[in-house]
Amino acid sequence: MIRIAVVGSTRPGRRGESVARWVTDTAAGHPAVTDGRAMVEVVDLATFDLPLLDEPVPAAFVSYAHAAWSMLHTNGAVWR
């Protein structure tokens, strides 16, 4: 059986849950799902303890609310 996981963002204020629900509902009508050859499920990464993924904005903006980890992975330098 094919298993398809729908995963969204872990950031505060995320919209991944509603998107994952839409994708799951849409995929549920696919013939491979309706005849049992495939299964679609939501894997919500926000339910796992992933402290490195709790920033409110994407890293590309270089605006860290939880700077402790960002300083570790950049060795004190700001990536641009």
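1. Residue W22 is found in helix α1. In this predicted model, W22 is exposed, since its relative accessible area is 58%, and exposed means over 50%. Together with D25, W22 sits on the face of α1 that is turned away from the buried side of the helix. A separation of 10.0 Å lies between the C-alpha atoms of W22 and V6, which are 16 residues apart along the chain.

2. What lies on the buried side of helix α1? The buried residues there are G16, A20 and T24. Viewed down the helix axis, these buried residues fall within an arc of 65°, so they line one face of α1.

3. Leaving aside residues up to four places away in sequence, T24 touches V6, V40 and V42.

4. The length of helix α1 can also be checked. The helix comprises 12 residues (residues 16–27), and at 1.5 Å a residue it should span 16 Å. The C-alpha atoms at its ends are 16 Å apart, which agrees with that expectation.

5. The wider architecture may now be stated. The protein contains 3 helices and 2 strands, and their order along the sequence is β-α-α-β-α. Of its 80 residues, 15% count as buried. The protein exposes about 6,000 Å², and carbon and sulfur atoms supply 63% of this area. Among contacts between residues at least 6 apart in sequence, 54% join residues at least 24 apart.

6. Side chains of opposite charge can pair when their charged atoms come close. The count in this protein is 4 salt bridges. One of them joins the side chains of E41 and R3, at 2.3 Å from N to O. This pair links distant parts of the chain, with E41 in strand β2 and R3 in strand β1, 38 residues apart. E41 is partly exposed, at a relative accessible area of 25%, whereas R3 counts as exposed at 55% relative accessibility.

7. Which parts of the chain does the salt bridge between R14 and D44 tie together? The two side chains meet at 2.9 Å, N to O. R14 lies in the loop between β1 and α1, and D44 in the loop between β2 and α3, so the pair ties together parts that are 30 residues apart in sequence. R14 is partly exposed, with a relative accessible area of 26%, and D44 is partly exposed at 23%.

8. A further salt bridge is formed by the side chains of D35 and R37 (2.9 Å, N to O). D35 is partly exposed, with a relative accessible area of 47%, and R37 also counts as partly exposed, at 49%.

9. Finally, confidence in the model should be considered. The mean pLDDT of the protein is 76, and 74% of its residues reach 70 or more. Where pLDDT is low, the predicted coordinates should not be read in detail.

Key:
Residues numbered from 1 in each chain as written. Heavy atoms only, no water. Helix = DSSP H or I, 4+ residues; strand = E, 2+ residues; numbered from the N terminus. Buried < 20%, exposed > 50% of the residue type's maximum accessible area, 1.4 Å probe, protein only. Contact = heavy atoms within 4.5 Å. Areas by Shrake-Rupley, 256 points an atom, 1.4 Å probe, with all protein chains shown as cover. Expected span 1.5 Å × (residues − 1). Arc of directions from axis to C-beta. pLDDT = per-residue confidence, 0-100.
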